[in-house]
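Please take me through this structure stop by stop. I have it open in a viewer and want to know what to select next and what is there.

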Amino acid sequence: MDFNRTTTAFRKTLATESSAYGVTLSDSSLNGLAGYYELLQRWNPRVHLVAPCTPEQFATRHVLESLIMLKYLPNGASVAEVGSGAGLPILPCLIVRPDITAVMFEISQKKAVFLREALGHTGLSARAVVKNDRFEDTEVPAAQFLTCRALDRFEEMLQHLLEWAPRPSTSLLFGAQRLAKKIESLGFESSAELIPNSKARFLYVVKKG
């Protein structure tokens with residue numbers, strides 16, 4: 001694979017499409033995101049972090065979609081991410097916002113190793129920690145926000161996830177339109193933001209008092 005060519009395409013897409021997602025990216029942020037993308041390209045063939053996609057698709061569908069979460073995170077926000085996988089959505093957010101801290105839960109040992117490598121590679125190890133455990137088997141972290149984008153059996157696990165979430169906290173959950181009814185059926189109220197350039201993917205904001 002020509003990493004120079006794909007990374008150039010990735011950076012160009014971030015720069016040209018970021019405004020559509022309400023995101024402003026500095027040169028430093030672009031450099032950090034490019035470093036993360038290059039590392040992921042090297043790991044993906046053996047760890048299967050994300051489905052195969054073009055650099056343009058990774059820039060929009062994965063990175064910029066993750067970054068729409070930033071508008072909901074105040075300065076100094078602490079975030080618990082469940083089912084981190086490739087580090088989405090929190091890792092791009094950590095790269096762009098140096099005030100955010102995070103705890104990342106990932107049950108796959110191989111993916112947890114990648115996440116630790118990615119944190120070191122991008123200089124984020126002081127602001128985030130990776131837990132190679134099931135979230136439901138661990139103590140609830142002292143976080144203001146919970147996020148999840150690609151958890152296995154997500155709708156089935158949703159009740160456990162929202163019950164486990166810190167109190168008080170706000171959950172930022174990525175999902176299809178049907179997720180709204182599932183959240184409501186569990187007794188929670190939510191608001192939804194349609195993800196830019198999407199007809200059926202939403203970011204749900206769920207508050208837990």
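Select Asn197. It counts as exposed, because its relative accessibility is 61%; exposed means over 50% relative accessible area, buried under 20%, and partly exposed in between, with a 1.4 Å probe and protein chains only. Asn197 sits in the loop between strand 6 (190-194) and strand 7 (201-208). Helices (H or I, at least four residues) and strands (E, at least two) are DSSP runs, numbered from the N terminus. Check the backbone here: phi of Asn197 is positive, about 60°, although Asn197 is not a glycine.

A note on what you are viewing. This is a predicted model, in which local features need pLDDT of at least 70 and side-chain atom pairs count only at pLDDT 80 or more, while totals for chains, interfaces and linings use all residues. Residues are numbered from 1 along each chain as its sequence is written, and side-chain values use heavy atoms, with hydrogens and water left out.

Next, select His48. His48 also has a positive phi, about 55°, and is not a glycine. Find it in the loop between helix 2 (27-47) and helix 3 (55-67). His48 is exposed, with a relative accessible area of 58%.

Now go to Arg149. Is it buried or exposed? Arg149 counts as buried, because its relative accessibility is 19%. Its loop runs between strand 4 (145-148) and helix 6 (154-164). Show the side chain. It reaches the backbone oxygen of Arg61 at 2.5 Å. It also makes a polar contact with the side chain of His62, at 3.2 Å. A polar contact is a pair of N or O atoms within 3.5 Å; within protein, one must be able to donate a hydrogen and the other to accept it, and residues adjacent in sequence count only if both atoms are side-chain atoms. Leaving aside neighbours within four places in sequence, Arg149 is in contact (heavy atoms within 4.5 Å) with residues including Glu65, Ser66, Leu88, Pro89 and Phe174.

Stay with Leu88 and Pro89. The peptide bond from Leu88 to Pro89 is cis, with omega near 15°. Pro89 belongs to the loop between strand 1 (78-82) and helix 4 (90-96).

Then select Arg167 and Pro168. A cis peptide bond joins them, with omega about -5°. Pro168 is in the loop between helix 6 and strand 5 (169-176).

Finally, zoom out. The chain has seven helices and seven strands. Along its principal axes, the C-alpha trace spans about 50 × 35 × 30 Å. Of the 209 residues, 55% count as buried.
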